[in-house]
Structures are given as C-alpha cells and as structure tokens.
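Take a look at the model below and keep it open while you read. We'll walk through it piece by piece.

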Amino acid sequence: MLKSFWFSLLRRLLSVLRYCVLGLLTLVLLFAYLPVPYTGVMLERQLDAWLEGKARYQARHQWQPLPQISPHLLQAVVAAEDQKFLQHSGFDLQAIEKALVYNSKGRKVRGASTLSQQTAKNVFLWTGRSWLRKGLETGITLLIEGAWGKQRILEVYLNSVEFGPGIYGAEAAAQRFFGIPAQRLSRQQAALLAAVLPNPHRFLVQAPSPYVRKRQQWILKQMQQLGPLQRQLH
C-alpha cells in the first residue's frame, strides 16, 4: 500500500515536471519574437511589496524594440556588466574561475553572471542565491542562447532589467529619471543608468553616490574602448 502511494506520487511529480518544462520551452520560443510583458523578478517584487504592506507599489514597464533604445545604453550595459558578451556562449568561464578563487578566500561574495544569465534570471526566475536557482539559470541560459541569439537577448535584457525600485526596462527608466524616451539617452545618462545595475535598490540614479559617479566615469571610458556595438550585433 505504502509502496503504491509513493509510486503514484512520483508519477504525479514527474507529470508536473514535464508540464513545467514544456511550459518553459513554449515561453522561450514565444519570447524569441513577442515582447515580454511581465517577468519573474517583477512578480517577486510585487509579492514582496504586498507582504510588506506597500499598497502603492506599482511596477513601471514599457517595452521598446532595440532600434528605439539609445545605442549608448547598449554600449553602457555591455561595458559595465559583460564586456565579453559577443564572444561567449552564455558563460564567461574566466570570470567564473576568478570569482571562485575570490570567494574561496572568505571575502564578500563576487558574482560572475553574464548578460545572458542575468536575462534568464530576470525573465524566468527570481533574485537571491541558491543552487536551485543557479541550476535553473544555467539551463535557461543555454536555451535562450540557442533560441534567441545575442541581439534578442540584449533587447530582452534592456526591457526587463530593474534600474530602480519598480522601474523596469530602458523606456521606463529614461522617462522616470530624465523625462525623455529611451531613444534619446545620452552617453552620460546611459552610463549613469548602467552604473546602478549591480544593486538598483542601493545605488540610485536620482541621487548618485560618489561611488556611482566614479563607476559612471569608468563605464564611459570602457564604452570608448569597446567600439560601436550595434554594428557588431548585425
């Protein structure tokens, strides 16, 4: 009797897992062509706001195709977050190795996530650190690298990344912080937006700390060295 119960439970769990995998594959294929209306991180933030009693919390998000986003912002996020974006296949193995060595010395944990990994997390998963999330992120990264390609990954990233509390994507950030469409962002503005990406709840675009200003200047120099990114994407 007990054996039959566990066998039945296992079959149901495998069935649920199969449907979850099929659902994920369907979303990956759909999002290769359609705008991403809502993400896992947006849902997580909304649930956190409800639990904390923040009834006025409202996510701001407006999808814009890549040609409607300033090329300066493309340049800035790659310069700031993943300078090998066009060379790797989803994972920067050298950065991962350096992070493992650094973290093994007991210092503050350092990440090594590429833009592809961050996109997988932002759209389909949640924030925080766990082996489960990292494992899922790895699988989804491989999927979107194969199904989307670099240009689409960057387009989805720029439309889903959080630039401030409740501010998702380039258009919402440009309108909220500078009162202009994303297409008109200057180099300075793009570098400032990219400068807060490590932690947009701690580092604020509207009140940049000396650290954020210093990082903005570093990003501007890196942007110059990278060369025009848009040409390399085609």
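Gln68 sits in the loop between S1 and H3, where helices (H or I, at least four residues) and strands (E, at least two) are DSSP runs, numbered from the N terminus. Gln68 counts as partly exposed because its relative accessibility is 33%; the cut-offs are under 20% relative accessible area for buried and over 50% for exposed, with partly exposed in between (1.4 Å probe, protein chains only). Setting aside neighbours within four places in sequence, Gln68 is in contact with Ala182 and Gln183, contact meaning heavy atoms within 4.5 Å. Lys98 is 30 residues away from Gln68 along the chain, and their C-alpha atoms are separated by 36 Å.

A word on ground rules: this is a predicted model, so local features need pLDDT of at least 70 and side-chain atom pairs count only at pLDDT 80 or more, while totals for chains, interfaces and linings use all residues. Residues are numbered from 1 along each chain as its sequence is written, and side-chain values use heavy atoms, with hydrogens and water left out.

Now the strands. There's an open sheet of 3 strands in the order S1-S3-S2, with mixed pairing; two strands pair if DSSP finds at least two bridges between them. S1 (60-61) and S2 (162-164) are at the edges with a single partner strand each, so one side of each is left without a neighbour in the sheet. The pairing of S1 with S3 (residues 167-168) is parallel and runs over 2 bridges, and His61 stands opposite Tyr168 in S3.

Stay with Tyr168 for a moment. Its relative accessibility is 0%, so Tyr168 counts as buried. Once neighbours within four places in sequence are left aside, the residues in contact with Tyr168 include Val41, Met42, Arg45, Tyr57, His61 and Asn159. Met42 is 126 residues from Tyr168 along the chain, yet the two C-alpha atoms are separated by 8.1 Å.

Next comes H3, with Pro71 in it. Pro71 has a relative accessible area of 38%, so it is partly exposed.

How does H3 (residues 71-81) pack against H10 (residues 210-226)? The angle is about 105° and the axes are 8 Å apart. Axes here are lines fitted to C-alpha atoms, for helices over the stretch in contact, and angles run from 0 to 180 degrees between N-to-C directions. H3 and H10 are therefore roughly perpendicular to each other; that label covers 65 to 115 degrees, with angles under 35 roughly parallel, over 145 roughly antiparallel and the rest oblique. On the H3 side, the contact involves His72, Gln75, Ala76, Val78, Ala79, Ala80 and Glu81, and H10 brings Arg215, Trp218, Ile219, Gln222, Met223 and Leu226. Sorted by class, that makes 8 nonpolar, 3 polar and 2 charged residues (Ala, Val, Leu, Ile, Met, Phe, Trp, Tyr, Cys and Pro count as nonpolar, Asp, Glu, Lys and Arg as charged, and the others, Gly among them, as polar).

As for H10 itself, Val212, Arg215, Gln216, Ile219, Leu220, Gln222 and Met223 are buried, and what covers them includes H3 and helix H9 (187-195). Just after H10, Gly227 takes a positive phi of about 85°.

Gln83, in the loop between H3 and helix H4 (93-104), also touches this area: not counting residues up to four places away in sequence, it meets Val78, Trp218, Gln222 and Leu226. With 34% relative accessibility, Gln83 counts as partly exposed.

The contact is between Leu73, Leu74, Val77, Val78 and Glu81 of H3 and Leu154, Tyr157 and Leu158 of H7. Its residues divide into 7 nonpolar, no polar and 1 charged. In H7, 10 of the 11 residues are buried, so the helix is largely enclosed by the rest of the structure.

Last stop: H5 (residues 115-124), which is mostly covered, with 10 of its 10 residues buried.
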